[in-house]
Amino acid sequence: MILIALALAAAPLSIGAGHAQEGDMAKYCKADIDRLCKGIAPGGGRLLQCLKAHGKEMSVGCAQALQKLKS
């Protein structure tokens, strides 16, 4: 859970809708971070970058949550 919180802190979020998007990322990306980004130190956007690098391997829910962050 700490990894998710740190990943979210590194991700750019818009005000207002950002809180719902944070929840989506925490909900849908935890397993992907644990599986795909094991050993990646949180902070500086490294976890987000890792997830993006593994775009074809991540779950549909996590991919959708990341897409919402871009909006």
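Tutor: We take the labels one at a time, from the whole fold down to single residues. Keep in mind that this is a predicted model.

Student: What makes up the fold, helices or strands?

Tutor: Helices. The protein has four helices and zero strands. From the N terminus on, the order is α-α-α-α.

Student: How much of the protein counts as buried?

Tutor: Of its 71 residues, 34% do. The protein exposes about 4400 Å², with 60% of that area supplied by carbon and sulfur atoms.

Student: Why is Asp32 called buried?

Tutor: Its relative accessible area is 3%. The cut-off is under 20%. Asp32 is therefore buried.

Student: Where does Asp32 lie, and what does its side chain pair with?

Tutor: Asp32 lies in helix H2, residues 18–36. Its side chain makes a polar contact with the side chain of Arg35, at 3.1 Å. The limit for a polar contact is 3.5 Å, so the distance of 3.1 Å qualifies. Leaving aside neighbours within four places in sequence, Asp32 is in contact with Cys37, Leu51, Met58, Ser59 and Cys62.

Student: How do you know that the buried residues of H3 line one face?

Tutor: Helix H3 covers residues 46–53, and its buried residues are Leu47, Leu48, Cys50 and Leu51. Seen down the axis of H3, they fall within an arc of 160°, so they line one face. On the other side, Gln49, Lys52 and Ala53 are exposed.

Student: What is the arc for H4?

Tutor: Start with the residues. In H4, residues 60–70, the buried ones are Cys62, Ala65, Leu66 and Leu69. Down the axis of H4 they fall within an arc of 95°, so they too line one face of their helix. Val60 and Lys70 are exposed on the other side.

Student: Which residues touch the most other members of the largest nonpolar core?

Tutor: Met25, Cys29, Cys37, Leu51 and Leu66, out of 14 residues in that core. H2, H3 and H4 each supply at least two residues of this core.

Student: What does Leu51 contact, leaving aside neighbours within four places in sequence?

Tutor: Met25, Cys29, Asp32, Ile33, Cys37, Met58, Cys62 and Leu66.

Student: What share of the contacts with a separation of 6 or more joins residues 24 or more positions apart?

Tutor: They account for 52% of those contacts.

Technical notes
Residues numbered from 1 in each chain as written. Predicted model: local features only at pLDDT ≥ 70, side-chain atom pairs only at ≥ 80, totals over all residues. Heavy atoms only, no water. Buried < 20%, exposed > 50% of the residue type's maximum accessible area, 1.4 Å probe, protein only. Arc of directions from axis to C-beta. Polar contact = N/O pair within 3.5 Å; in protein donor to acceptor, adjacent residues only side chain to side chain. Contact = heavy atoms within 4.5 Å. Areas by Shrake-Rupley, 256 points an atom, 1.4 Å probe, with all protein chains shown as cover. Core = buried A, V, L, I, M, F, W, Y, C linked by side-chain atoms within 4.5 Å.
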